[in-house]
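I opened this structure to look up a few things and keep notes on each. The entries follow in the order I made them.

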Amino acid sequence: MQKAPATAQASPKKKRKGVSYDHYGYLFVAPFFIVFLVFQLYPIFFTFRTAFTDAIGWEKILDNNLIGWDNFKLFFDPSSNLFVSYWRAFGNTIVIWLFNFVPQISMALILASWFTSGQMRLRGQGAFKMLIFMPNIITATTIAILFFSLFSYPIAPVNTLLQQFGLLNLPFEFFRSTAASRGIISFIQWWMWYGNTMIIMIAGIMGINPALFEAGLVDGCSSRQIFWKITLPLIKPILLYNLVTSLVGGLTMFDIPQLMTQGNPNNTTDTVARFIYSQGFTGSHNFNYASAASIILFGIIVVCSFLLSQAMKDRDKGAKKK
Amino acid sequence: MKKLLSLVLAAVLLMSTMSFAVAEDETVTLVVWSFSDEIDGLIQKYFTPTHPNIKIEYQIYPNDGNQYTQKVDSMMAATPDAAEAPDVFALEAAYVKKYVDSDYTADLLDLGFTADDFASCIPAMLQIGQNEAGVQKGLAWQSTPGALMYRASLAEQYLGVTTPEEMQEKVADWDTFVETAEELKDASNGEVKMVICGGDIWNAYQYQRAEGWVVDGKLVIDDQLYDYLDMLKTMEEDDLTHKGSTWSETWYAGMRGELPTLCFFLPTWGLHYTLKPNCASGIADGMTEEEMKAQSDATGGTYGDWRMVAGPVGYSWGGTWVGANAAKVKTADETKLAAMKELIRVLTLDEDTLYKIAVDSGDFVSSNAVVEKVLNDDIDDANPFLGGQAHYQIFAEAANLANGAIMSRYDETINSLFDTQCVTPYTKGEKDLDTAIADFKAAVKTQFSDLVVE
């Protein structure tokens, strides 16, 4: 390597002969980095900065003053309206997420263990997997509008059907009932995502050494014992991955509540992402509060993910020590 | 040397004649932004043929999910004087106030208009195009007065009403409106309802207020609104509406007559583009009046059964305004400024154009002079859909009743908060009045950090 400059000086013509294509690589990756810098990294820093300013309204989005932690304090001051709406939205988000996540992971586990079971040998697996995964491909907008028209009041398919089967005498106003509205949102989230979770679970179970299952069978394990004692402990990392991604997705839930219920009835389906949107893009355009709210949400997600992975790590260590 | 000199001279001469020629038929380009192709259609039909020198670059950003307003907002906040920024842009009723109240739209007097130019405009449409200080910043070519449409057969069967005049007496104000609703309920054993929902009433009732939502930066809850809450609560508890919502399947079922409903509050466009195409199932685009009637008769629809009256209050619903970009007005040269003025003038003030629009499309236009001219034209405007009633006359009377001054840039958001936090929960008995009002105020305060809420 040291010699290279010397030869170049000695015979400059020689250098021209050897064409280096190395720098073209940078050109090929450049589009990604430019897009990433402009549309992802810069907005993140911009959000962090905006959270510490008095940027209310479009006029002040670029021309504003730094005001320190004042915006954040409002979110932890029980007498402020922002505190009430933000943490109410947070509570709603958690409830809706839990009622979606628990059934989702259970259903995905059951289906995954059936599809991978050597004893069951289900027929038409491909078709079933595709059908179960299908809702994930449809856009959330379409689904929100579909369910809104299905459950409308007083004339809509679900009400008509329930009345015809004699289950209801009068039409029921689903979107004025907290339980029904949250239930429908949770159901949609579950229905859209259990197929996706199932595919990941199947991949996880297929990754387990088949010798372990065989050994279990030879030792006379029931299929229930195989599931609880072999499958479940070995796919824990996959479960953790699912838990974390679902938590992040759940806490940032926006499209279905926004399009279907707009937070109704009485703000019981208002989610954190909806709160952030309404602060930043409706009313006075409180960009500063919207940014502060996003950063608080970001902080909560980071802490939750860290705690979950930490909990998992400790257990692994404990297991190894045994 | 002489040769060279003459050559240079010749070149200079040639160039000067060339540049002169360019100045002679100089083309100005105007960038126009809108949320639909409606204005483009008007420009191509009524403006471009007579103004070949003004080239229009038309940009459409559909306002699904507020895409259009966000596009305008970010463009105006960052580079309002860029070449691709609009010179003239369209403003829909939902957000026209937001823009005329901002610095983004120019005072139309700066474009060379004078106050006299607006003399014959319908007041409500003018008022909505003004900012808080009364500066004219937007103009409309349409006027969208509202009326009350009712089913003649139901009115006759249950209320014994045979003429529109009698009907108007039955809905002269909101108290009689509720009384009529009770009468209708008793006469029909609760089968026929006055309206589909409270939201329908709101579109008209909001014009009953003496003041808008915000006065001097303060939230105002007009006394009339408490009456409105009482009225809707009575209607909900006594089962006087179908408890549906505007633009829902229930709403259209009411129009088709499947859900017997007496009244709909609808404006000019609502009559032609909402009620008529939904008066029976199976009405398709491009059907003639006869075909629609046949289809309606075959499917038990409501074609020909509708009549219209002014109703309890004069109101306006919808409309599109055009405004000029203030930053562009500041930097524009005389030719460009004149072109901007000409475009806005032809689209919204020019009586010949407005008359043509009225005749060609049946639109109700924004100039009283033109409306009068259309009425004086001995045309047969008996509308078979309204059983031979002449709709233009009634709209013309209603048009000058609405008070556009109560509209504000806060309306879209505050109306929706009033509905979700206060009206619906209160009338459905989920909250008492005090809680409902307090929740509404808190919600307004949370969304509008710069408003005083007491």
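**Entry 1: charges over rings.** I began in chain B, where the charged end of Arg151(B) sits over the ring of Trp306(B), at 6.0 Å from the ring centre. I then found a second case: Lys341(B) has its charged end over the ring of Phe113(B), 5.4 Å from the centre. I note here that the model is a predicted one.

**Entry 2: the sheet.** I looked up how the strands of chain B are arranged. Five of them form an open sheet, in the order β2-β1-β3-β10-β4, and the pairing is mixed. The edge strands are β2 (54-60) and β4 (138-140) of chain B, each of which pairs on one side only. From one strand to the next the twist averages 25°.

I followed one pairing in detail. In chain B, β3 (residues 88-92) and β10 (residues 320-324) pair in the antiparallel sense, over five bridges. Phe89(B) stands opposite Gly323(B) in β10(B).

**Entry 3: helices across the sheet.** Which strands does helix α2 of chain B lie across? Helix α2 (residues 38-47) lies across β1 (28-34), β2, β3 and β10 of chain B, and runs at about 165° to β2(B). I also checked helix α15 (residues 334-348) of chain B, which lies across β1, β2, β3, β4 and β10 of chain B and runs at about 45° to β1(B).

**Entry 4: aromatic pairs.** I counted ring pairs next, and the count comes to 60 aromatic pairs over all chains. I picked one in chain A. The rings of Phe75(A) and Phe275(A) have centres 6.2 Å apart and planes at 85°, so this pair is edge-to-face. Phe75(A) lies in the loop between α4 (70-74) and α5 (81-116) of chain A, and Phe275(A) lies in helix α14 (residues 272-281) of chain A, so the pair ties together parts that are 200 residues apart in sequence.

Are the two residues buried or exposed? Phe75(A) is buried, with a relative accessible area of 0%. Phe275(A) is buried too, at 2%.

**Entry 5: between the chains.** Of the area that chain A buries against chain B, Trp58(A), Ile155(A) and Arg176(A) supply 26%, more than any other three residues.

Definitions and conventions. Residues numbered from 1 in each chain as written. Chains lettered and ligands numbered in written order. Predicted model: local features only at pLDDT ≥ 70, side-chain atom pairs only at ≥ 80, totals over all residues. Heavy atoms only, no water. Pairing = 2+ DSSP bridges. Helix = DSSP H or I, 4+ residues; strand = E, 2+ residues; numbered from the N terminus. Axes fitted to C-alpha atoms, helices over the stretch in contact; angles between N-to-C directions. Contact = heavy atoms within 4.5 Å. Phe/Tyr/Trp six-rings, centres within 6.5 Å; stacked < 30°, edge-to-face > 60°. Buried < 20%, exposed > 50% of the residue type's maximum accessible area, 1.4 Å probe, protein only. Lys NZ or Arg CZ within 6 Å of the ring centre and 35° of its normal. Buried area = accessible area lost by both parts, 1.4 Å probe.
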